[in-house]
Amino acid sequence: MGTTSLDLPIIDLSSADRDSIANSIRQACTEYGFFYLVNHGVEKDSVQEVFDHSSNFFSLPLEHKMKLARKAYRGYSPLYAEKLDPTSHSKGDPKESYYIGPIKDTTSVNLNQWPSQELLPNWRPTMESFYWKLFAAGKELLSLIARSLNLDEDYFKKIGAINEPAAFLRLLHYPGELPSSEEIYGASPHSDYGMVTLLVTDGVPGLQICRDKFKQPQVWEDVTHVEGAFIVNIGDMMERWTNSLYRSTLHRVMPTGKERYSAAFFLDPPSDCVVECFETCCSDSSPARFPPIRSGDYLNERFRLTYGSVADLKTPAI
């Protein structure tokens, strides 16, 4: 583990002083790319229920879980199936996960996979309810992020970034004990591809961030648990949107010898949303560093560079 713990800013989503909160978000996103989010509207009992259901699923025999193996980036991904750092020589990250993609109305093609009601009663409605609660918190947060960038609070809605839910919910399980010969990372160093990520953890430590991803040697700092708070981080797409004003920070999960559960909510725009430098983030003296690109094309290109293949346009910001 790292030798220092980080005191990240705490953002109160319920605060009536929106200018002050917007200023705090701007400072957090320029200095850290990470912050805590409190009073987000998701009850403690709801979070605990999700972790209980998550534990019930990951405790199933592997053959049961593999019947829901990931397809179109929905479903179960076993231990070592993913390697977030493509330069690593390990066989993969020692974690297992379950992806739940955009939840739409019943007239749409539903690509999500769900454990049966008989196997895990109330599992699907619990996750769907949690998805919408996180989405509501994420939309409110994005209005404050827009304000922090001197944009209208409904800016992300105006550009079509949140009109159609395109978020992914990812349940994660890190085993406690690992053979000493295995890779030392629970999740290898990476930055998130998309717009904003909301992370909920069970309190077990392990998350670390590297504020300067270009500095060598890299300096890693521990992100401590704040009871009831989400951990929010800026993704690569938001960094691009803001002309690198807001930073997408490198992060990893280190094993602690304790079993760890978390849930990551990747709030990304629909695939046809155009990612173009915000007008408040570029000028004659600071021109746009990146050309406009469709969200789906951007995510697919990032996926190809990392994994060597093109993904479904509705891929999560892994």
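Strand 3 (residues 34–38) is mostly covered, with five of its five residues buried (under 20% relative accessible area, 1.4 Å probe, protein chains only). This is a predicted model in which local features need pLDDT of at least 70, side-chain atom pairs count only at pLDDT 80 or more, and totals for chains, interfaces and linings use all residues. Residues are numbered from 1 along each chain as its sequence is written, and side-chain values use heavy atoms, leaving out hydrogens and water.

In a regular strand the side chains alternate between the two faces of the sheet. On one side of strand 3, Phe34, Tyr36 and Val38 are buried, and on the other Phe35 and Leu37 are buried.

Strand 3 pairs with strand 2 (residues 10–12) in the parallel sense over three bridges; pairing requires at least two DSSP bridges between two strands. Strands are DSSP runs of E with at least two residues, and helices are runs of H or I with at least four, numbered from the N terminus.

| Residue | Partner in strand 3 |
|---|---|
| isoleucine 10 | tyrosine 36 |

The axes of helix 2 (residues 44–58) and helix 4 (residues 123–148) come within 10 Å and cross at roughly 135°, where axes are lines fitted to C-alpha atoms over the stretch in contact and angles run from 0 to 180 degrees between N-to-C directions.

Definitions and conventions. Buried means under 20% relative accessible area, exposed over 50%, partly exposed in between (1.4 Å probe, protein chains only).
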